Amino acid sequence: MPRREDPALLRGQGRFVDDIAPEGCVFAEFLRSTVAAGAITTLEVADARDMPGVLAVYTAADLGDTGASAVNRLIPDAPVRPFDILARDRVTSVGQPVAAIVAETREAARDAAEAIWLDIEDGETPDRPQTVARWQGGKATANAAHRIAARVDHARVAPFALEPRACLAEPVGDGLRVWMSTQTPFRGRDDLARILNIAPDLVQVIAPDVGGAFGGKASIYPEDVMVALAARDLGRPVKWAATRSDDFMAATQGRGAASSGTLDCDGDGRFTALEAQLHFDLGSWTPYSAYAPARNAGRILPGPYAIPAVSVDLDAGFSATAPMNIYRGAGRPEAAMLIERLVDKAAHAAGCDPLEIRRRNLRDGRNPGPGVTGEWIDTGDYAALLDALENRAVYAQKRAVQATRRAAGEVVGIGTALYIEPCGQGWETARVALLPDGAFAAHTGSSAQGQGRQTAWAQIVAEALGVTPDRVAVGEGDTADLPDGIGALASRSTAIGGSAMMRASEKLRAQIAAALGIDRMESDPDGVWVHGTHLGWADIAARLPEAARLAEETFTAPHEAWASGAALAQVAIDPDTGRATVEDITWIDDAGHVVNPLLVEGQLWGGLAQGLGCVLSERVAYDGDGQLLTGSLMDYAVPRAADMPRAVTLDKLPTPSAANPLGAKGVGEAGCIAIPPAVLNALQDAILPFTDKDLPLPATSETLWRAINTPEEM
Ligand code: SMO
């Protein structure tokens, strides 16, 4: 089924925050810190206040006491550092908002920002990292025949969404209506209410069309709060939309972990112990999900392998940079990269084929159960994934061709990766109603940022009710629709939001049957057979009291839905330029029950592209003084169409999730988890005739050229 969202989006009829312009709307801009750390010695705003069109200029001194945004205590005693709405006395990163200007036009606000006098005295060094968590399981036994070591230094990357962040707040009575480009409208509501000290039911947050997010819009930002404060102060709608540069400087970033570990294996290539140290940079403040990547990476590090003894140490520390948060994959790529590098190196040391060593060490995932770090792990047939990968990729032939090409002087490599990914946890809300005109209205606390979720939800509701999806209107992204909800992140919207939709639909179906006095509802697209008479849906609506026509559900998943998969990459590197070409990707994914294959395929492609960016080209770079060197697309290299693989084969091997009634698992993040380790393993395989050193990331042309031509200097 094609995406119902597309006709409007493709015709430019999407409605994003910056498209919304209430009567009397004015514009906010921010003066941002130009240095990474230091004390504010001068901050004079009188000239700016006098500029034409300026309504207000705010500094921290104008804001008084406010509350702090929430941080998820995923690691109980880990340090938390809330943001300041505007820098108070000192700055903690380049791009931090220091003053806010509200003016009649965006241009007037920008001009006024330049009329503010700001001096900052350089200073202070960031905190030292500290150990925050440890995962351990099993016990090391036999002496290892091989001890393999690997190190993966992830580049810090930007969750680059087509639509930068944006927020528009309008005073309504004693409260606020806020349009936010967010993944989590309900959390936005709760955060705003707490920080502004007003009742949550006085705050309505609406996420209209959201142009991508990838984790970068999963937490509230200082700018959002400032816009809300200004709207209340001025009694007018206030809008702010980030520029691309604003987002490079001050939106949350991802990855950046430095990870190293050892994998022991016996003479038969069986893994006996895994030890790892993961270092996570937190940046300058902790957004809601600051610890999700670190926690995920630690708890899933053993991946799909049966490793009897596992020990993972995790440390984290602040730095004078943009805050670090979840980014598509959120710790799972960090885990997959390290373990899959270790496994490939173990294969090499044990003289074993990389697919074979994986096969030899798989845990049996066909029944759900606990892994060695204590995590409940969902279904997944890892052996079948490997078999499918071997067949679809025509692996033996690829290896033979590689040998021939290598003998002829080409630099070519093949890499494989297996992964498991915890997805879809927690709870979500849904409401399904039969309307007087015979259509159904479905609402969920989950939401979307372009994935086509409304299509999938309509399909789920339609199937449960026995109608066609065109009869189902879907509403999401508005906190006024339902008392509570979460949103769209952590690969949860179909598994959790969809399950809530399914349960609400089933409840509605039972209510309608009971109200009509029938045992079994024989519905069809147009209505229901009631004791031999066909009643249209509008007729049924007319007969039923409103309470019978509306069902609400909160679905709470008993466990996470863990997806899994296997990927193979074949690369060729031009030894003269170091340029890598991804010649082939073959990828078998297990996303559990698939509601809409087109949406799943779209997620796989998008994740694949972002995954390639992480391993080959993307890096947020700061210099030694904390100056951002990659503030625009001139310097930050997102992959382009020409960087896509020459050939991609996607296939699926679904094992239904045991963690939700739909049987669905997540798929939105899979590409960022599957592709980087497969490609990194392929690159390392390609350069093996020259060096076995671990490549730094991203593996740019320069890096690869050096590995081939001056490996001793690596
Ligand atoms: S990294 Mo995601 O938006 O949970």
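Arginine 431 is buried, with a relative accessible area of 19%, where buried means under 20% relative accessible area, exposed over 50% and partly exposed in between, with a 1.4 Å probe and protein chains only. This is a predicted model, in which local features need pLDDT of at least 70 and side-chain atom pairs count only at pLDDT 80 or more, while totals for chains, interfaces and linings use all residues. Residues are numbered from 1 along each chain as its sequence is written, and side-chain values use heavy atoms, with hydrogens and water left out.

To stay with that arginine, its partner in a salt bridge is glutamate 552, with the closest N and O atoms 2.9 Å apart; a salt bridge here is a side-chain nitrogen of Lys or Arg within 4 Å of a carboxyl oxygen of Asp or Glu. This pair links distant parts of the chain, since glutamate 552 sits in strand β27 (residues 550-556) and arginine 431 in strand β21 (residues 427-434), 121 residues apart; helices (H or I, at least four residues) and strands (E, at least two) are DSSP runs, numbered from the N terminus. Glutamate 552, at 34% relative accessibility, counts as partly exposed.

The structure holds 45 salt bridges, and another of them joins aspartate 685 to arginine 406, at 3.9 Å from N to O. Aspartate 685 belongs to helix α17 (residues 670-687) and arginine 406 to helix α12 (residues 395-407), so this pair ties together parts that are 279 residues apart in sequence. Aspartate 685 counts as buried at 13% relative accessibility, whereas arginine 406 is partly exposed, with a relative accessible area of 29%.

Let me turn to the aromatic side chains. There are seven aromatic pairs in the structure; rings of Phe, Tyr and Trp (its six-membered ring) pair if their centres lie within 6.5 Å, and planes under 30 degrees apart count as stacked, over 60 as edge-to-face and the rest as tilted. One of the pairs is phenylalanine 30 with tryptophan 240, which is edge-to-face, with 5.7 Å centre to centre and 90 degrees between the planes. Phenylalanine 30 lies in strand β1 (residues 26-32) and tryptophan 240 in strand β13 (residues 238-241), 210 residues apart, and both phenylalanine 30 and tryptophan 240 are buried.

The ring centres of phenylalanine 83 and tryptophan 285 are 5.0 Å apart and their planes stand at 75 degrees, so this pair is edge-to-face as well. Phenylalanine 83 and tryptophan 285 are both buried, and together with Tyr221 they form one aromatic cluster.
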